[in-house]
Amino acid sequence: MLLALGLGLGIGGTAAADASPRILTGEHAGAAWRIDIPAQWNGKLIVSFRGNSPEPVKFDQQPYTAGGRVLMLQRGYALVQSGHARADWNIEDAYRDTEWVRRHFVATLGKPARTYAVGQSMGGLAVAHALEQADSPYDGGLSLSGTLGGGDALFEQAFANLAAFDYYLPNTLGPLQPVPPQQRLDAAVVATLATALKEKPDALRNLSLLVGVAPEQVAEQIAINRDMLRRIQQLSGGNPVGNAHYLYQGTHDDAGLNTGVRRYAAEARAFEFLRRNYTPTGKLAKPLLALQTVHDPLVSAAATNSYAMAVRRAGRENDFVQQYTPGEGHLAFSVEQIVAALDSLVAWVEQGQRPPSGMQPGAAAALAADPLPPHELFEIDSAVLQEKRRIAVYTPPGYAADTAQRYPVLYMPDGGLKEDFPQVANTVDAAIRAGRLRALIVVGIENTQRRRDTTGPTGVASDRTIAPVVGGSAAFRGFIRDELMREVNARYRSNGETAIIGESLAGLFVIETCVLEPKLFGTCIALSPSLWWNGEALLGEAAARLKTGTDWQARWYFASADEENIAPAAARLAELLGAHAPAGLHWQYEPRPDLRHDTIYRALAPQVLPMLFTP
């Protein structure tokens, strides 16, 4: 199906005169597609290559309201993307489907002044594939956590990890060649593996080193690897990878592991599928900027470094730059980091300003802007979460000297040293020293699986695509209530006054917690809470509980930025509170359309905390 786009949007037409953005959708050869044209199109096009999805993606005509796409459209870039006719790992088909949408855009709207390919994860490898075409239609590309080592390297690493797990914990995973179709990824699978690992601490230590994740994340990463292997086996018609020639390194037991692990050979016919999908050559025809996190449990540094070597061997080193950010996790970038990377690519292509390799300059500046405040660290071996959690604690000026003074405690779900702890703790420290804020203790909870911990159960299929495991908020809340608060009260001079602050999904967790357990925190601060989760079901729960809650004694502050999927839900929560808030619940809602989702935390925390905790 083709949609008529109308006249006057070509490069030489009257795009600037048309004040309305356009969203166009359709389907070609079984692949859904979407085109976004901003009101003030700058004549440049971004072609988005999607990451791996177990199901084909469909599109609607609702405007994007958050994330990098919004900022790109606001900057005047047009955007095209394909949902792919064949789901899962398939670079050939993904490129074909996406190329059709690009050609359709050109045929209908005219040739853009510049065309950039941008992709994440599997889509990052598709970007490399697109730029390695001798007649590539792209001027440059951006790969975000791209699997640039190739599909064979990615799945071989996953298979090797599974075989090692089977060596250390035999008869736990089940068959690997093939993985039974019923072995799906879910929370029960992860829990079973975690329980087995807890009985074998030496195996857990070695697997943590081998897989490259913290011990508490091994079970989930192994479950992810098995699900990846199951899907690629079904897609390729056999087992496309093995560990027959794999040399295991990095454990405390390399010799024993290499001797005892069961060896599997790849099936040639199935491997051919991976070779086509895709073994990169490094023969770049156009500039490619790759952005990785310094520690990605899915895309290893060895794999991305192998692509850099392939580029060098192909004599195309001048067309490749690899940068990293200090975060951990797959695709663990802020919107600001993605925008900075695209700006660097554009400056490289259009002005000849080759980006520096190494740490992304913006990430380095952000680290310099938020130096670590004085703090203490401790760990809790959580029985509730079945993992260790690292906690950072800031104590206010004068805490050590005045041993009689007790303090309120502010809890932060996104409170790791590489997350929001430095920003908030520095903000609190400066405000206390300036006499604008009561002295507080700040307790930061470092993330392990953020999207699992900050979300409740959901019946919406698209919600469940954001992470391998979601719906763990009840357990996370139990950890805070029954383990963390008890430990903090034992270690520090708290006065019983508690507060919690969170943004986005952590803001959702704040609202959910303060609705379900209104006596747990006296002050609840939620910035751009993701109330869209589970079809806004939390609003219905809030309505019911507000009508029956007569003894609530708390303060709520929540705000929303310029984001259409969050601001309306936040406004509906304000309407509910206006109609049904108990007398003891004092609340304030602040819509801030002048702010963005990625800037609201940094902008509002310095204002909100002194307002709620006046000296």
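Student: How many bridges join strand β5 to strand β6, and is the pairing parallel or antiparallel?

Tutor: Strands of a sheet pair through backbone hydrogen bonds, either parallel or antiparallel. Here β5 (residues 114-120) and β6 run parallel and are joined by five bridges; two strands are said to pair if DSSP finds at least two bridges between them. Within this pairing, Tyr116 stands opposite Gly140 of β6. Strands (E, at least two residues) and helices (H or I, at least four) are DSSP runs, numbered from the N terminus. The model is predicted, so local features need pLDDT of at least 70 and side-chain atom pairs count only at pLDDT 80 or more, whereas totals for chains, interfaces and linings use all residues. Residues are numbered from 1 along each chain as its sequence is written, and side-chain values use heavy atoms, with hydrogens and water left out.

Student: Which residues of β6 point one way, and which point the other way?

Tutor: In a regular strand the side chains alternate between the two faces of the sheet. In β6, Gly140, Leu142 and Leu144 point one way, while Gly141 and Ser143 point the other way. Five of the five residues of β6 (residues 140-144) are buried, so the strand is largely enclosed by the rest of the structure. Buried means under 20% relative accessible area, exposed over 50%, and partly exposed in between, using a 1.4 Å probe and protein chains only.

Student: Where is Phe333, and what does it touch?

Tutor: Phe333 is found in the loop between β8 and α11 (335-351). Its relative accessible area is 13%, and Phe333 is therefore buried. Leaving aside residues up to four places away in sequence, Phe333 touches Leu144, Ser145, Leu291, Gln292, Thr293, Thr325 and Ile338; such a contact means heavy atoms within 4.5 Å. Asp135, by comparison, is 198 residues from Phe333 in sequence and 31 Å from it in space, C-alpha to C-alpha.

Student: In what order do the strands of the eight-stranded sheet stand, and which strands are at its edges?

Tutor: The eight strands form an open sheet with mixed pairing, in the order β10-β11-β13-β12-β14-β15-β16-β17. At the edges stand β10 (376-382) and β17 (585-591), each with a single partner strand, so one side of each has no neighbour in the sheet. Neighbouring strands of this sheet are turned by 20° against each other on average, direction ignored.

Student: How does β11 pair with β10 and with β13?

Tutor: β10 and β11 pair in the antiparallel sense over seven bridges, with Arg390 of β11 as the bridge partner of Glu379. Four residues lie between the two strands of this hairpin, and Gln386 takes a positive phi near 60°. Four bridges join β11 to β13 (residues 441-445), and these strands also run antiparallel; Tyr394 stands opposite Val442 in β13. Six of the eight residues of β11 (residues 387-394) are buried, which leaves the strand mostly covered.

Student: How do β16 and β17 pair, and which helices pack on the sheet?

Tutor: Strand β16 (residues 554-560) runs parallel to β17, and seven bridges join them. Tyr557 has Gln588 of β17 as its bridge partner. Helix α18 (residues 567-580) packs on the sheet, touching β16 and β17, and its direction makes about 150° with that of β17. Helix α19 (residues 600-612) also packs on the sheet, touching β12 (407-412), β14 (494-503), β15 (523-527), β16 and β17, and its direction makes about 155° with that of β16. Axes are lines fitted to C-alpha atoms, for helices over the stretch in contact, and angles run from 0 to 180 degrees between N-to-C directions.
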